[in-house]
Amino acid sequence: MKRVLGISVYPDHSELDQDKAYIELAHKYGFGRIFMSMLEVTDGKEVVKKKYKELIFFAKELGYETILDVAPNIFEELEISYDDMRFFHELGADGIRLDLGFDGNKEAMLTYNPFGVAIELNMSNDVAYLDNILTYEANTPFLYGCHNFYPQEGTALPYDFFVKCSERFKNHGIRTAAFITSQVGNIGPWDINDGLPTLEMHRHLPVETATKHLFATKLIDDVIIGNAYASEAELKAMGEVDRYQTAFTVEFVPDVNELEKQIVLTEQHYRRGDITDQMVRSTFVRKKYGQETNPPHDNSMDFQPGDIVIGNDTFGKYKNELQVVLQPHKDSRKNKVGQIIEEEKILLPFIHPWSKFKFTEK
(Lines give C-alpha, C1' and ligand atoms only; values in the text may rest on other atoms or scores of the structure.)
Protein backbone atom coordinates (compact mmCIF):
# COMPACT_ATOMS: atom_id res chain seq x y z
CA MET A 1 0.00 0.00 0.00
CA LYS A 2 1.21 3.50 -0.80
CA ARG A 3 2.75 5.31 2.16
CA VAL A 4 1.70 8.91 2.83
CA LEU A 5 2.94 11.77 5.01
CA GLY A 6 0.37 13.95 6.75
CA ILE A 7 -0.08 17.13 8.76
CA SER A 8 -2.79 18.29 11.18
CA VAL A 9 -4.61 21.61 11.25
CA TYR A 10 -6.99 23.03 13.86
CA PRO A 11 -9.11 25.72 12.17
CA ASP A 12 -10.80 26.74 15.42
CA HIS A 13 -7.42 27.49 17.02
CA SER A 14 -5.69 29.17 14.07
CA GLU A 15 -6.06 31.67 11.27
CA LEU A 16 -7.15 30.59 7.79
CA ASP A 17 -4.20 32.22 6.04
CA GLN A 18 -1.72 30.55 8.38
CA ASP A 19 -3.32 27.16 7.79
CA LYS A 20 -3.16 27.69 4.03
CA ALA A 21 0.50 28.69 4.19
CA TYR A 22 1.29 25.57 6.28
CA ILE A 23 -0.60 23.30 3.88
CA GLU A 24 1.25 24.82 0.94
CA LEU A 25 4.63 24.44 2.65
CA ALA A 26 4.03 20.79 3.52
CA HIS A 27 2.92 20.13 -0.06
CA LYS A 28 6.35 21.38 -1.20
CA TYR A 29 7.95 18.52 0.74
CA GLY A 30 5.66 15.77 -0.50
CA PHE A 31 2.90 15.64 2.12
CA GLY A 32 -0.45 14.35 0.89
CA ARG A 33 -2.85 13.97 3.80
CA ILE A 34 -4.50 16.29 6.34
CA PHE A 35 -6.03 15.45 9.70
CA MET A 36 -8.46 18.31 10.38
CA SER A 37 -10.15 18.65 13.75
CA MET A 38 -13.85 19.54 14.00
CA LEU A 39 -14.11 18.71 17.69
CA GLU A 40 -14.29 22.32 18.86
CA VAL A 41 -16.70 23.98 16.40
CA THR A 42 -19.30 26.25 17.99
CA ASP A 43 -19.90 28.85 15.27
CA GLY A 44 -23.05 27.42 13.70
CA LYS A 45 -23.54 25.44 10.53
CA GLU A 46 -23.10 28.10 7.83
CA VAL A 47 -20.02 29.76 9.37
CA VAL A 48 -18.39 26.36 9.92
CA LYS A 49 -19.26 25.20 6.43
CA LYS A 50 -17.75 28.31 4.79
CA LYS A 51 -14.49 28.15 6.74
CA TYR A 52 -13.87 24.42 6.41
CA LYS A 53 -14.95 24.26 2.79
CA GLU A 54 -12.53 27.00 1.76
CA LEU A 55 -9.63 25.31 3.53
CA ILE A 56 -10.40 21.78 2.33
CA PHE A 57 -10.86 22.78 -1.30
CA PHE A 58 -7.62 24.77 -1.13
CA ALA A 59 -5.89 21.59 0.03
CA LYS A 60 -7.71 19.47 -2.54
CA GLU A 61 -6.30 21.60 -5.37
CA LEU A 62 -2.83 20.70 -4.09
CA GLY A 63 -3.71 17.00 -4.15
CA TYR A 64 -4.36 16.48 -0.45
CA GLU A 65 -6.76 13.98 1.08
CA THR A 66 -8.54 15.43 4.14
CA ILE A 67 -10.03 13.43 7.01
CA LEU A 68 -12.24 15.32 9.47
CA ASP A 69 -12.18 14.38 13.14
CA VAL A 70 -15.78 14.48 14.38
CA ALA A 71 -17.64 13.81 17.65
CA PRO A 72 -21.35 13.34 18.48
CA ASN A 73 -21.74 16.90 19.79
CA ILE A 74 -20.74 18.20 16.35
CA PHE A 75 -23.74 16.54 14.77
CA GLU A 76 -26.02 18.23 17.26
CA GLU A 77 -24.27 21.60 16.88
CA LEU A 78 -24.48 21.47 13.08
CA GLU A 79 -27.90 19.78 12.94
CA ILE A 80 -26.66 16.95 10.75
CA SER A 81 -26.95 13.16 10.92
CA TYR A 82 -24.56 10.22 10.80
CA ASP A 83 -26.95 8.74 8.24
CA ASP A 84 -26.27 11.50 5.70
CA MET A 85 -22.70 12.20 4.60
CA ARG A 86 -23.83 14.97 2.23
CA PHE A 87 -22.61 17.74 4.55
CA PHE A 88 -19.07 16.35 4.68
CA HIS A 89 -19.08 15.68 0.95
CA GLU A 90 -20.04 19.30 0.28
CA LEU A 91 -17.15 20.43 2.49
CA GLY A 92 -14.84 18.43 0.23
CA ALA A 93 -13.83 15.96 2.96
CA ASP A 94 -12.50 12.58 1.83
CA GLY A 95 -13.39 10.91 5.11
CA ILE A 96 -14.51 11.35 8.71
CA ARG A 97 -12.89 9.89 11.79
CA LEU A 98 -15.44 8.50 14.23
CA ASP A 99 -14.70 9.58 17.79
CA LEU A 100 -17.42 7.24 19.03
CA GLY A 101 -18.19 3.65 18.05
CA PHE A 102 -21.60 2.16 17.24
CA ASP A 103 -22.79 -1.43 16.97
CA GLY A 104 -20.73 -2.54 13.96
CA ASN A 105 -23.63 -2.70 11.54
CA LYS A 106 -23.91 1.10 11.64
CA GLU A 107 -20.24 1.60 10.75
CA ALA A 108 -20.50 -0.99 7.96
CA MET A 109 -23.52 0.79 6.49
CA LEU A 110 -21.71 4.14 6.61
CA THR A 111 -18.95 2.76 4.35
CA TYR A 112 -21.58 2.43 1.60
CA ASN A 113 -22.59 6.11 1.68
CA PRO A 114 -23.28 7.34 -1.87
CA PHE A 115 -20.70 10.14 -1.63
CA GLY A 116 -17.70 7.84 -1.11
CA VAL A 117 -16.77 9.50 2.18
CA ALA A 118 -14.39 7.12 3.94
CA ILE A 119 -15.05 6.06 7.54
CA GLU A 120 -11.99 6.05 9.79
CA LEU A 121 -11.93 4.07 13.02
CA ASN A 122 -9.94 4.52 16.23
CA MET A 123 -7.11 1.95 16.23
CA SER A 124 -5.84 2.52 19.77
CA ASN A 125 -7.86 -0.25 21.44
CA ASP A 126 -6.94 -3.93 21.49
CA VAL A 127 -10.54 -5.13 21.13
CA ALA A 128 -12.53 -6.90 18.41
CA TYR A 129 -14.23 -3.68 17.25
CA LEU A 130 -12.99 -3.97 13.67
CA ASP A 131 -13.82 -7.68 13.46
CA ASN A 132 -17.40 -6.90 14.45
CA ILE A 133 -17.71 -4.27 11.70
CA LEU A 134 -16.24 -6.62 9.11
CA THR A 135 -18.79 -9.34 9.97
CA TYR A 136 -21.41 -6.89 8.69
CA GLU A 137 -19.68 -6.86 5.26
CA ALA A 138 -18.21 -3.37 5.42
CA ASN A 139 -17.01 -1.75 2.19
CA THR A 140 -13.33 -2.12 3.13
CA PRO A 141 -11.76 0.28 0.57
CA PHE A 142 -13.70 3.02 2.37
CA LEU A 143 -12.78 1.82 5.87
CA TYR A 144 -9.60 3.28 7.41
CA GLY A 145 -7.90 2.96 10.78
CA CYS A 146 -6.08 5.72 12.66
CA HIS A 147 -4.50 5.71 16.11
CA ASN A 148 -5.16 8.38 18.72
CA PHE A 149 -2.63 10.98 19.82
CA TYR A 150 -1.89 11.81 23.46
CA PRO A 151 -1.25 15.44 24.55
CA GLN A 152 -0.19 14.62 28.13
CA GLU A 153 3.37 13.51 28.82
CA GLY A 154 3.47 9.84 29.83
CA THR A 155 0.02 8.88 28.48
CA ALA A 156 0.76 7.68 24.92
CA LEU A 157 0.83 4.02 23.92
CA PRO A 158 3.61 1.60 24.85
CA TYR A 159 5.16 -0.09 21.82
CA ASP A 160 3.97 -3.67 22.44
CA PHE A 161 0.37 -2.56 22.87
CA PHE A 162 0.62 -0.41 19.75
CA VAL A 163 1.72 -3.49 17.78
CA LYS A 164 -1.22 -5.59 18.97
CA CYS A 165 -3.71 -2.84 18.15
CA SER A 166 -2.19 -2.20 14.73
CA GLU A 167 -2.00 -5.85 13.73
CA ARG A 168 -5.77 -6.16 14.13
CA PHE A 169 -6.16 -3.69 11.25
CA LYS A 170 -3.13 -4.59 9.16
CA ASN A 171 -4.04 -8.29 9.13
CA HIS A 172 -7.28 -7.35 7.34
CA GLY A 173 -5.53 -5.11 4.82
CA ILE A 174 -7.09 -1.94 6.26
CA ARG A 175 -5.24 1.32 5.58
CA THR A 176 -3.63 2.54 8.81
CA ALA A 177 -2.31 5.80 10.25
CA ALA A 178 -0.54 7.01 13.39
CA PHE A 179 0.71 10.30 14.78
CA ILE A 180 4.15 11.65 15.56
CA THR A 181 4.90 15.02 17.13
CA SER A 182 6.68 18.15 16.00
CA GLN A 183 9.19 19.37 18.57
CA VAL A 184 8.14 23.00 17.95
CA GLY A 185 4.41 22.88 17.18
CA ASN A 186 2.16 24.19 19.96
CA ILE A 187 -1.34 23.95 18.45
CA GLY A 188 -3.60 21.00 19.18
CA PRO A 189 -7.22 20.39 20.13
CA TRP A 190 -6.80 20.91 23.88
CA ASP A 191 -5.13 23.30 26.32
CA ILE A 192 -2.51 20.67 27.26
CA ASN A 193 0.07 20.03 24.57
CA ASP A 194 3.18 18.10 25.60
CA GLY A 195 3.40 16.98 22.00
CA LEU A 196 0.86 14.84 20.14
CA PRO A 197 2.33 11.38 19.42
CA THR A 198 0.68 7.97 19.31
CA LEU A 199 3.71 6.24 20.87
CA GLU A 200 5.21 7.53 24.10
CA MET A 201 8.70 6.55 22.92
CA HIS A 202 8.32 9.10 20.08
CA ARG A 203 7.42 12.11 22.24
CA HIS A 204 10.90 13.65 22.23
CA LEU A 205 12.29 12.13 19.05
CA PRO A 206 13.02 14.07 15.84
CA VAL A 207 10.14 13.73 13.37
CA GLU A 208 12.27 11.90 10.81
CA THR A 209 13.34 9.24 13.34
CA ALA A 210 9.77 8.63 14.50
CA THR A 211 8.65 8.45 10.86
CA LYS A 212 11.33 5.91 9.99
CA HIS A 213 10.33 3.86 13.01
CA LEU A 214 6.62 3.74 12.15
CA PHE A 215 7.31 2.82 8.53
CA ALA A 216 9.85 0.18 9.63
CA THR A 217 7.15 -1.63 11.65
CA LYS A 218 5.25 -2.21 8.38
CA LEU A 219 2.08 -1.67 10.40
CA ILE A 220 1.45 1.98 9.49
CA ASP A 221 0.73 3.36 6.01
CA ASP A 222 0.28 7.06 6.84
CA VAL A 223 2.42 9.04 9.30
CA ILE A 224 0.82 12.29 10.46
CA ILE A 225 2.33 15.13 12.48
CA GLY A 226 -0.21 15.58 15.28
CA ASN A 227 0.49 19.16 16.32
CA ALA A 228 0.75 22.36 14.32
CA TYR A 229 2.80 23.96 13.09
CA ALA A 230 5.86 21.85 12.35
CA SER A 231 8.92 23.82 11.26
CA GLU A 232 10.04 23.87 7.64
CA ALA A 233 13.17 21.98 8.70
CA GLU A 234 10.98 19.22 10.17
CA LEU A 235 8.78 19.03 7.08
CA LYS A 236 11.87 18.85 4.86
CA ALA A 237 13.46 16.13 7.02
CA MET A 238 10.29 14.04 6.92
CA GLY A 239 9.92 14.59 3.20
CA GLU A 240 13.39 13.14 2.65
CA VAL A 241 12.64 9.91 4.54
CA ASP A 242 12.66 6.77 2.41
CA ARG A 243 9.15 5.44 3.02
CA TYR A 244 9.81 1.90 1.76
CA GLN A 245 13.14 0.86 3.28
CA THR A 246 15.17 1.85 6.33
CA ALA A 247 17.86 4.42 5.57
CA PHE A 248 20.15 4.75 8.59
CA THR A 249 21.92 8.02 9.32
CA VAL A 250 25.64 7.37 9.80
CA GLU A 251 28.41 9.35 11.48
CA PHE A 252 31.79 8.41 9.98
CA VAL A 253 35.02 8.04 11.95
CA PRO A 254 37.73 10.60 11.03
CA ASP A 255 39.94 8.01 9.29
CA VAL A 256 37.27 6.50 7.03
CA ASN A 257 38.61 6.23 3.49
CA GLU A 258 36.87 7.04 0.21
CA LEU A 259 36.39 3.38 -0.71
CA GLU A 260 34.61 2.72 2.57
CA LYS A 261 32.38 5.77 2.17
CA GLN A 262 31.51 4.61 -1.33
CA ILE A 263 30.58 1.14 -0.07
CA VAL A 264 28.43 2.59 2.72
CA LEU A 265 26.67 5.39 0.89
CA THR A 266 26.26 4.33 -2.74
CA GLU A 267 25.23 0.68 -2.54
CA GLN A 268 21.82 -0.92 -2.06
CA HIS A 269 22.40 -3.13 0.97
CA TYR A 270 20.40 -6.15 2.04
CA ARG A 271 20.78 -8.56 4.93
CA ARG A 272 21.79 -12.12 4.17
CA GLY A 273 18.95 -14.60 4.44
CA ASP A 274 20.94 -16.95 6.70
CA ILE A 275 21.22 -14.46 9.55
CA THR A 276 23.48 -14.31 12.58
CA ASP A 277 22.82 -12.69 15.96
CA GLN A 278 26.16 -10.90 16.06
CA MET A 279 25.81 -8.64 13.03
CA VAL A 280 23.82 -7.70 9.95
CA ARG A 281 25.88 -8.83 6.95
CA SER A 282 25.75 -7.09 3.58
CA THR A 283 27.91 -9.53 1.65
CA PHE A 284 27.46 -8.77 -2.04
CA VAL A 285 29.65 -5.64 -1.76
CA ARG A 286 32.70 -7.76 -1.04
CA LYS A 287 32.33 -9.33 -4.49
CA LYS A 288 32.00 -5.96 -6.20
CA TYR A 289 34.92 -4.42 -4.31
CA GLY A 290 36.98 -7.58 -3.75
CA GLN A 291 39.97 -6.31 -5.70
CA GLU A 292 40.12 -2.92 -3.95
CA THR A 293 42.74 -2.46 -1.23
CA ASN A 294 41.56 -1.43 2.23
CA PRO A 295 44.32 -1.00 4.84
CA PRO A 296 43.50 -1.61 8.52
CA HIS A 297 42.39 1.33 10.72
CA ASP A 298 40.11 1.72 13.77
CA ASN A 299 40.28 -2.05 14.22
CA SER A 300 41.53 -2.58 17.78
CA MET A 301 38.48 -1.52 19.82
CA ASP A 302 35.46 -3.50 20.98
CA PHE A 303 32.77 -2.95 18.36
CA GLN A 304 29.40 -1.89 19.81
CA PRO A 305 25.79 -2.26 18.57
CA GLY A 306 25.16 0.22 15.77
CA ASP A 307 28.80 0.34 14.64
CA ILE A 308 29.37 -0.07 10.90
CA VAL A 309 32.43 -2.15 10.06
CA ILE A 310 34.05 -3.22 6.79
CA GLY A 311 36.53 -6.06 6.31
CA ASN A 312 40.10 -4.83 5.75
CA ASP A 313 42.99 -6.27 3.71
CA THR A 314 43.72 -8.93 6.36
CA PHE A 315 40.26 -10.51 6.04
CA GLY A 316 40.83 -12.69 2.97
CA LYS A 317 37.68 -13.44 0.99
CA TYR A 318 35.64 -11.29 3.42
CA LYS A 319 37.57 -8.12 2.59
CA ASN A 320 35.20 -5.18 1.98
CA GLU A 321 32.13 -6.98 3.35
CA LEU A 322 29.95 -4.48 5.24
CA GLN A 323 28.49 -5.38 8.61
CA VAL A 324 26.29 -3.59 11.13
CA VAL A 325 27.17 -4.71 14.63
CA LEU A 326 24.34 -6.11 16.77
CA GLN A 327 26.36 -7.61 19.64
CA PRO A 328 29.66 -6.36 21.10
CA HIS A 329 32.73 -8.16 19.74
CA LYS A 330 36.33 -7.58 18.74
CA ASP A 331 37.97 -8.44 15.41
CA SER A 332 41.07 -6.68 14.06
CA ARG A 333 40.23 -7.85 10.52
CA LYS A 334 37.42 -5.29 10.41
CA ASN A 335 37.66 -1.50 10.27
CA LYS A 336 35.13 0.59 12.13
CA VAL A 337 34.05 3.14 9.54
CA GLY A 338 31.23 4.82 11.45
CA GLN A 339 28.18 4.32 13.64
CA ILE A 340 24.44 4.71 13.29
CA ILE A 341 23.29 7.80 15.21
CA GLU A 342 22.03 6.99 18.69
CA GLU A 343 18.33 7.69 18.20
CA GLU A 344 18.15 5.48 15.09
CA LYS A 345 19.41 2.35 16.85
CA ILE A 346 15.74 1.60 17.55
CA LEU A 347 15.50 0.70 13.85
CA LEU A 348 17.99 -2.19 14.04
CA PRO A 349 15.44 -4.86 15.10
CA PHE A 350 13.53 -4.26 11.85
CA ILE A 351 16.38 -5.43 9.62
CA HIS A 352 15.17 -8.98 8.98
CA PRO A 353 16.48 -11.70 6.64
CA TRP A 354 16.63 -10.17 3.15
CA SER A 355 15.62 -6.70 4.41
CA LYS A 356 16.85 -3.90 2.16
CA PHE A 357 18.54 -0.89 3.79
CA LYS A 358 20.66 2.12 2.98
CA PHE A 359 22.77 4.75 4.70
CA THR A 360 22.87 8.53 4.51
CA GLU A 361 25.60 10.70 5.97
CA LYS A 362 24.74 12.97 8.90
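Close-up 1. At 35% relative accessibility, E232 counts as partly exposed. Buried means under 20% relative accessible area, exposed over 50%, and partly exposed in between (1.4 Å probe, protein chains only). E232 forms a salt bridge with K28, with the closest N and O atoms 3.4 Å apart. A salt bridge is a side-chain nitrogen of Lys or Arg within 4 Å of a carboxyl oxygen of Asp or Glu. The pair links distant parts of the chain: K28 sits in helix α1 and E232 in helix α9, 204 residues apart. K28 counts as exposed, at 56% relative accessibility.

This is a predicted model: local features need pLDDT of at least 70, side-chain atom pairs count only at pLDDT 80 or more, and totals for chains, interfaces and linings use all residues. Residues are numbered from 1 along each chain as its sequence is written, and side-chain values use heavy atoms, with hydrogens and water left out.

**Close-up 2. Helix α1 and its buried face.** Helices (H or I, at least four residues) and strands (E, at least two) are DSSP runs, numbered from the N terminus. Helix α1 covers residues 16–28. Its buried residues are D19, K20, Y22, I23 and A26. Seen down the axis of α1, they fall within an arc of 160°, so they line one face of the helix. The arc is that of the directions from the helix axis to the C-beta atoms. D17 and K28 are exposed, on the face turned away from the buried side. Just after α1, G30 takes a positive phi of about 90°.

Close-up 3. D126 forms a salt bridge with R168, and the closest N and O atoms are 2.6 Å apart. D126 lies in the loop between β5 and α6 and R168 in helix α7, so the pair ties together parts that are 42 residues apart in sequence. D126 is partly exposed, with a relative accessible area of 26%. R168 is also partly exposed, at 27%.

**Close-up 4. An open sheet of 7 strands.** The strand order is β10-β15-β9-β14-β12-β13-β11, with mixed pairing. Two strands pair if DSSP finds at least two bridges between them. β10 and β11 stand at the edges, each with a single partner strand, so one side of each is left without a neighbour in the sheet. Strands β12 and β13 run antiparallel, joined by 3 bridges. V309 has Q323 in β13 as its bridge partner.

Terms used: Expected span 1.5 Å × (residues − 1).
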